[in-house]
Protein chains: 2
Amino acid sequence: MITVNENFLKLQAGYLFPEIGKRRRAFQQAHPDAKIISMGIGDVTQPIAPAVIEAMHKAVDEMGKKETFHGYDDGGIGYAFLREAITKNDFRSRGVSIDIDEIFVSDGAKSDTANIQELFGLDNIIAVADPVYPVYVDTNVMAGRTGAVAGQGTYLKIVYMPATADNNFVPELPKEKADMIYLCFPNNPTGAVATKEQLKKWVDYAKENKAVILFDAAYEAYISDSQIPHSIYEIEGAKEVAIEFRSFSKTAGFTGLRCAFTVVPKELRAFTRAGQSVALNPLWNRRLCTKFNGVSYVTQSAAAAVYADEGKKQIRKTIDIYMNNAKVIRESLTTLGYKVYGGINAPYIWVKTPEGVGSWQFFDLLLNKAHVVTTPGAGFGPAGEGYVRLTAFGNPPDVVEALGRIKAISK
Amino acid sequence: MITVNENFLKLQAGYLFPEIGKRRRAFQQAHPDAKIISMGIGDVTQPIAPAVIEAMHKAVDEMGKKETFHGYDDGGIGYAFLREAITKNDFRSRGVSIDIDEIFVSDGAKSDTANIQELFGLDNIIAVADPVYPVYVDTNVMAGRTGAVAGQGTYLKIVYMPATADNNFVPELPKEKADMIYLCFPNNPTGAVATKEQLKKWVDYAKENKAVILFDAAYEAYISDSQIPHSIYEIEGAKEVAIEFRSFSKTAGFTGLRCAFTVVPKELRAFTRAGQSVALNPLWNRRLCTKFNGVSYVTQSAAAAVYADEGKKQIRKTIDIYMNNAKVIRESLTTLGYKVYGGINAPYIWVKTPEGVGSWQFFDLLLNKAHVVTTPGAGFGPAGEGYVRLTAFGNPPDVVEALGRIKAISK
């Protein structure tokens with residue numbers, strides 16, 4: 001008899017974003033004339049940069065001619081031309097040395113942060129911030145690395161590290177044993193960033209405890225403060241303990257093109273139960289060449305264009321548009337008396353809900369009264385209760401209009 | 001202490017194709033002037049069809065304008081325009097009714113056949129043909145569903161079903177208990193096909209034993225015999241027991257563009273250990289929306305163009321080129337006294353090695369003497385020993401040249 005993976009049945013109903021989509025659609029059906037503005041799901045609105053479009057047209061033409069046609073990306077881990085651009089621009093330029101064999105190109109940071117847990121034993125304890133991007137948790141639930149639901153959206157056998165206004169949304173080191181530590185800076189959902197000193201504490205902790213840090217840096221392009229590290233590898237010794245995830249989704253608007261990459265340093269090791277150390281770089285390579293066949297040549301050509309001079313300038317302009325949105329959101333809501341966090345080094349703004357109003361309640365209120373979609377903080381974990389997340393990825397006129405509507409109902 | 005997933009350490013050295021690539025590169029380095037012809041890895045050589053190129057240019061332009069920009073593929077399971085084209089052309093046209101909610105678009109059949117096992121309990125016994133596409137086996141090894149290596153490239157706790165010349169390379173029903181049955185028709189690597197009667201036996205077996213059939217139909221476009229089913233759903237009752245995998249890689253030359261889809265019928269169920277039945281369609285949906293973010297809009301637009309009139313005609317021409325290669329390979333090798341199988345309803349030709357010459361030995365001989373890369377049958381399992389696989393995906397002049405060289409060394 002075919003049995004089901006019962007770990008899937010532990011998952012709580014509805015992944016956060018589909019649930020939001022469902023409520024949005026239900027509202028739209030009931031109010032067909034309402035012009036809903038989304039500040040919820042972190043999808044971008046600005047078009048792909050002209051230099052990237054040009055590179056894609058060129059790549060498409062190459063695919064149409066026998067002499068320049070590209071089949072499988074040999075090895076499935078990304079073309080050397082892209083991995084070389086990555087190591088030069090994202091790492092060498094910041095004084096970090098990453099070999100191109102340590103870079104693995106993929107279809108998304110969601111896929112990679114979801115799949116990376118496969119490399120590790122089921123006996124490891126995971127630690128996540130609370131609130132947290134749900135993918136880190138749900139994928140470990142599916143794998144059987146957690147216990148059952150413990151209430152308030154949490155699971156047994158996970159170490160939750162509260163990120164609150166009191167600690168500036170940078171969690172403290174866990175007191176419990178933790179082997180796989182997920183960190184995300186600039187943070188989704190709170191928009192917080194970590195300093196070098198703060199990250200160094202985590203690297204030291206991981207070394208001492210033989211833990212691995214899974215560092216999600218998908219939003220690094222939004223850092224405006226020159227003192228804030230863009231990569232965990234800017235911290236000495238991090239290559240021995242950390243895997244880093246990057247994405248073109250928010251950097252260059254690739255949510256609909258799908259390209260990201262993951263860095264697995266050669267120094268990084270895990271251990272057998274008998275204590276033998278095993279390098280993780282060849283293991284991730286093996287996983288990819290067994291379960292994945294690489295990213296579209298057209299998309300990889302697009303990603304490479306992000307690093308060329310024209311591309312760099314153009315994507316910077318788009319990021320500036322979004323960060324101006326963030327500024328407008330922060331300032332407007334502050335004026336209205338809301339307490340807001342983030343939005344300075346990150347495209348997310350973390351807004352405290354009015355006294356006595358829960359996250360989903362505030363979500364429903366903004367949807368019903370202002371026709372604005374947000375993301376309820378409680379969807380990211382118990383410590384997210386009492387907050388909603390706004391994203392800065394809207395069209396500027398929509399952002400202004402949304403804030404006007406929020407103002408109208410806040411009187 | 002971070003522990004490694006020790007199941008990965010059970011894997012035998014080198015996934016087949018990287019090993020072939022390694023030997024090829026070593027030979028090329030030692031003989032820089034040798035013009036190696038690949039008939040090994042199943043990569044295509046003909047360019048993307050003009051109608052598909054045109055659709056991609058259009059999609060790229062859309063991505064460059066704010067009004068027509070596409071971000072996340074909502075839900076991550078494929079645009080309705082593509083899933084509608086699929087259900088109409090691949091299924092309804094053959095009398096099979098598949099709802100678009102049963103179709104999940106992905107980046108490759110390799111990914112899907114690799115990932116599908118996550119839905120099932122680790123206690124299930126998998127059954128695979130021998131020889132077999134290594135992905136089915138290796139991904140179950142990684143998950144811990146098998147035992148250790150048992151010798152000759154096999155693993156304990158897997159039911160191997162020999163596919164030999166005696167059974168026309170269509171395996172018999174297993175005598176042992178089997179819960180997850182991987183079938184691939186047209187077959188990779190043997191090029192064999194299964195009749196409706198043969199598939200019906202499998203569907204009946206699965207129903208009786210509450211097993212699930214994982215049916216890989218990535219090569220269905222190469223079927224020339226009108227009596228051979230293209231989909232397992234042409235067999236009555238198959239929707240209750242089978243998942244089907246399709247791909248644009250070989251159908252339309254998308255190896256470098258990455259698009260495929262998987263059908264998970266709503267009727268299909270697995271069971272908890274307590275005997276409760278669980279529908280697999282929502283489970284696969286949940287897996288995708290948690291671990292995946294959909295396929296590039298440009299690629300999905302390309303895939304949809306494969307189903308338009310012009311696209312259909314153009315991809316048919318390319319398939320004809322490949323199937324003519326297959327004919328040339330079959331006839332030439334037969335004339336040289338080789339025993340050959342497949343290549344009539346499939347792009348693979350399965351060639352018996354000369355008496356007393358092993359698979360890898362014949363691979364090395366053809367590489368060293370004829371500068372032709374093949375795939376050693378033994379790499380697909382013990383019953384593949386004594387065979388090599390040739391693919392029909394070469395450039396026609398290269399195929400002719402390769403056969404001339406093989407003729408020269410066969411005297």
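A residue is called buried if 20 or more other C-beta atoms lie within 10 Å of its own, exposed if 12 or fewer do, and partly exposed in between. The exercises below apply this to a predicted model.

**Exercise 1. Buried, exposed or partly exposed: how do B:N168 and A:F169 count?**

Solution. Begin with B:N168, which lies in the loop between β6 (158–162) and β7 (180–184) of chain B. B:N168 has 15 C-beta neighbours inside 10 Å, and therefore counts as partly exposed.

Most residues other than glycine have a negative phi, and most peptide bonds are trans. B:N168, although not a glycine, has a positive phi of about 55°, and A:F169, also not a glycine, has a positive phi of about 65°.

**Exercise 2. Why can the buried residues of α1(A) be said to line one face of the helix?**

Solution. First check the length of the helix: at 1.5 Å a residue, the 15 residues of α1 (residues 16–30) of chain A should span 21 Å, and the end C-alpha atoms are 22 Å apart, which agrees. Next, list the buried residues of α1(A), which are A:L16, A:F17 and A:I20. Seen down the axis of α1(A), these buried residues fall within an arc of 90°, so they line one face of the helix. An α-helix has 3.6 residues a turn, so residues three or four places apart point the same way. The face of α1(A) turned away from the buried side carries the exposed residues A:K22, A:R25, A:A26, A:Q29 and A:A30. Finally, the buried residues of α1(A) pack against α5 (134–143), β15 (372–373) and β16 (375–376) of chain A.

**Exercise 3. What covers the buried residues of α2(A)?**

Solution. Start again from the length: the 14 residues of α2 (residues 50–63) of chain A should span 20 Å at 1.5 Å a residue, and the end C-alpha atoms are 20 Å apart, which agrees. The buried residues in α2(A) are A:V52, A:I53, A:A55, A:M56, A:A59, A:V60 and A:M63. Around the axis they cover an arc of only 160°, which puts them on the same side of α2(A). Their cover includes α7 (249–252), α9 and α10 (309–335) of chain A, together with α2 and α9 of chain B.

**Exercise 4. How are the two chains related, and what does chain B bring to their contact?**

Solution. A rotation of 180°, with 0.0 Å of shift along its axis, superposes chain B on chain A with an RMSD of 0.0 Å. The two copies are thus related as by a two-fold rotation axis. In chain B, the C-alpha nearest this axis belongs to B:H57 and is 3.1 Å from it. The same surface serves both copies, since 100% of the contact residues of chain B recur in chain A.

The contact takes 74 residues from chain B and 74 residues from chain A. Several elements of chain B, among them α1 (16–30), α4 (109–115) and α8 (280–291), each supply at least two residues of the side that touches chain A. The element that gives the most to this side is α2(B), with six residues. By kind, the residues of this side of chain B divide into 35 nonpolar, 22 polar and 17 charged.

**Exercise 5. What does A:M142 touch?**

Solution. A:M142 lies in helix α5 of chain A, and with 23 C-beta neighbours inside 10 Å it counts as buried. Leaving aside neighbours within four places in sequence, A:M142 is in contact with A:N7, A:F8 and B:E118. The C-alpha atoms of A:M142 and A:N7 are separated by 5.0 Å, although these residues are 135 residues apart along the chain.

Note on methods:
Residues are numbered from 1 along each chain as its sequence is written. Chains are lettered from A and ligands numbered from 1 in the order in which they are written. This is a predicted model: local features need pLDDT of at least 70, side-chain atom pairs count only at pLDDT 80 or more; totals for chains, interfaces and linings use all residues. Copies are superposed by least squares on the C-alpha atoms of residues with pLDDT of at least 70 in both. Two residues are in contact if their C-beta atoms, placed from the backbone, lie within 7 Å. Helices (H or I, at least four residues) and strands (E, at least two) are DSSP runs, numbered from the N terminus. Ala, Val, Leu, Ile, Met, Phe, Trp, Tyr, Cys and Pro count as nonpolar, Asp, Glu, Lys and Arg as charged, and the others, Gly among them, as polar. The expected span of a helix is 1.5 Å times one less than its number of residues. The arc is that of the directions from the helix axis to the C-beta atoms.
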